[in-house]
Amino acid sequence: MKYATLFSLLAMASLPAWSDELPATGTPETETIAMQRIDTPIYNAADSEFGNSDLSNNETFMKNKPADGRRLDEWTKVSKPSMKFGGYIIGKYAWEDRNAMETSQDGFNLRLVRLYVSGEVFRDFKYRLQLEVNGTPHIKDATLEWVHWKEFSIKAGQFKRAFTFENPYNPFDVGVGDYSQVVKKLAGFDDHINSSSKKYETKSNGGRDLGLQFQGDLFPSRRDGHPFLHYQLGFYNGQGINTWDVDKKKDIIGTLQFNPVKNLAIGIFGWKGTVGVKDEFGIRSTHRNRLAVGAKYESDWTFRSEYARSWGYKLDDYTWNEAAGDYTVKEQALAHGKEADAFYATLGIPCAPWLKAYLKYDMYRQYANADHMNSIYSAALNFKFTKNLYFQAQYNFVDTKKATATGDSHSNYNQLWALMYVRF
């Protein structure tokens with residue numbers, strides 16, 4: 001017996017170095033894991049190779065050194081970039097009963113033709129690039145987003161502003177043939193800052209800007225997993241797409257959205273910012289301070305309604321004051337005031353698995369009073385054959401009212417639209 005014990009001790013002494021401790025008890029699986037050889041060298045926190053600076057595990061990894069027991073090639077093996085191509089086409093036929101000098105929509109048109117590529121570039125990083133190729137080709141979206149946690153993610157690049165529920169919607173999901181005036185005038189399509197003769201922020205912006213955004217979903221429901229609270233906070237140039245910041249003042253836009261039950265959201269949105277333009281005297285800028293509230297329910301039935309208000313003059317409401325050496329507001333603009341508002345309500349009614357009807361009221365007041373109001377009453381039928389192909393027929397009654405020096409100018413007209421939606 002004593003010789004057997006001696007031979008056992010000699011055999012153990014001849015084994016290579018293993019981990020310091022073995023579990024006293026356990027399954028064969030746990031014992032195997034505990035006895036793995038440690039080949040990864042240990043680096044001091046202050047490594048002379050990197051200037052004796054303190055290095056985090058991530059910094060060590062980025063220097064192609066072992067970190068957390070893994071080498072660079074091991075990380076890339078489990079995070080191979082992915083790529084998905086797609087696009088969509090929206091074709092439109094429009095008719096109006098205004099004369100040719102007044103009409104803006106008549107005949108056949110390609111409303112949108114877009115191509116996009118998206119995917120994962122490294123572990124928790126997702127990217128998206130979207131191009132609009134009809135008209136003058138240009139970049140719509142270009143983003144990189146870190147999505148490690150649902151509770152907190154970071155997006156950088158060019159993307160939709162976090163203002164109103166409807167602005168981030170894809171055109172396929174709006175339900176009717178165009179966005180509401182809340183979005184078009186107060187979220188940065190054909191924006192309220194424009195004058196009737198000059199467009200500073202046009203529909204090509206599509207409610208987008210360049211910036212950085214933080215967002216997340218909090219307090220998931222135990223019943224169905226939907227989050228009770230969604231938040232977004234973004235910092236933007238304030239100038240629209242593909243443009244540097246002119247006045248060096250960043251816009252701040254944020255939202256809190258409460259979801260008491262699945263598919264129902266109640267939100268409040270805030271926007272504090274400026275937009276500027278250079279002219280022969282310097283930089284002329286105006287405030288874009290805005291607030292919106294709304295609610296939406298998206299399921300078989302659809303209900304969406306929002307009200308937004310803006311405080312800030314149009315860019316052309318300012319004129320250069322030589323005596324003051326600065327821009328001042330024109331007297332006519334002072335008389336009108338600096339407030340504007342808009343409201344819409346959309347109802348979607350499921351009629352059949354392939355058919356959904358929409359009714360919508362849409363209103364915009366450029367001076368927040370009844371003397372300057374544009375109202376649109378719409379009815380649409382969506383014939384959906386698949387999620388990637390459907391046709392839409394829509395009727396609009398447009399009622400405009402504008403106060404002028406010689407009295408009120410009031411007009412109304414009818415529109416008929418037929419649209420084709422194809423996604424691939």
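**Reading the fold**

Modeller: Let's begin with contacts, meaning heavy atoms within 4.5 Å. Of those in the chain between residues at least 6 apart in sequence, 51% join residues at least 24 apart. This is a predicted model, where local features need pLDDT of at least 70 and side-chain atom pairs count only at pLDDT 80 or more, while totals for chains, interfaces and linings use all residues. Residues are numbered from 1 along each chain as its sequence is written, and side-chain values use heavy atoms, with hydrogens and water left out.

Biologist: What does the chain average in pLDDT?

Modeller: pLDDT is the predictor's confidence in each residue, from 0 to 100. Here the average is 84, and 80% of the residues score at least 70. Watch residues 1–68, though: pLDDT is below 50 there.

Biologist: How many of the 424 residues count as buried?

Modeller: Buried means under 20% relative accessible area, with a 1.4 Å probe and protein chains only. By that cut-off, 39% of the 424 residues are buried.

Biologist: Which residues have the most contacts inside the largest nonpolar core?

Modeller: In soluble globular proteins, nonpolar side chains tend to be buried together. A nonpolar core is a set of buried Ala, Val, Leu, Ile, Met, Phe, Trp, Tyr and Cys residues joined through side-chain atoms within 4.5 Å. The largest one has 26 residues, and Phe-163, Tyr-179 and Ile-253 have the most contacts inside it. Apart from that core lies another of 9 residues, including Tyr-88 and Trp-417.

Biologist: And what is Phe-163 in contact with?

Modeller: Beyond its neighbours within four places in sequence, Phe-163 touches Leu-186, Ile-253, Phe-269 and Trp-271, among others.

Conventions:
Buried < 20%, exposed > 50% of the residue type's maximum accessible area, 1.4 Å probe, protein only.
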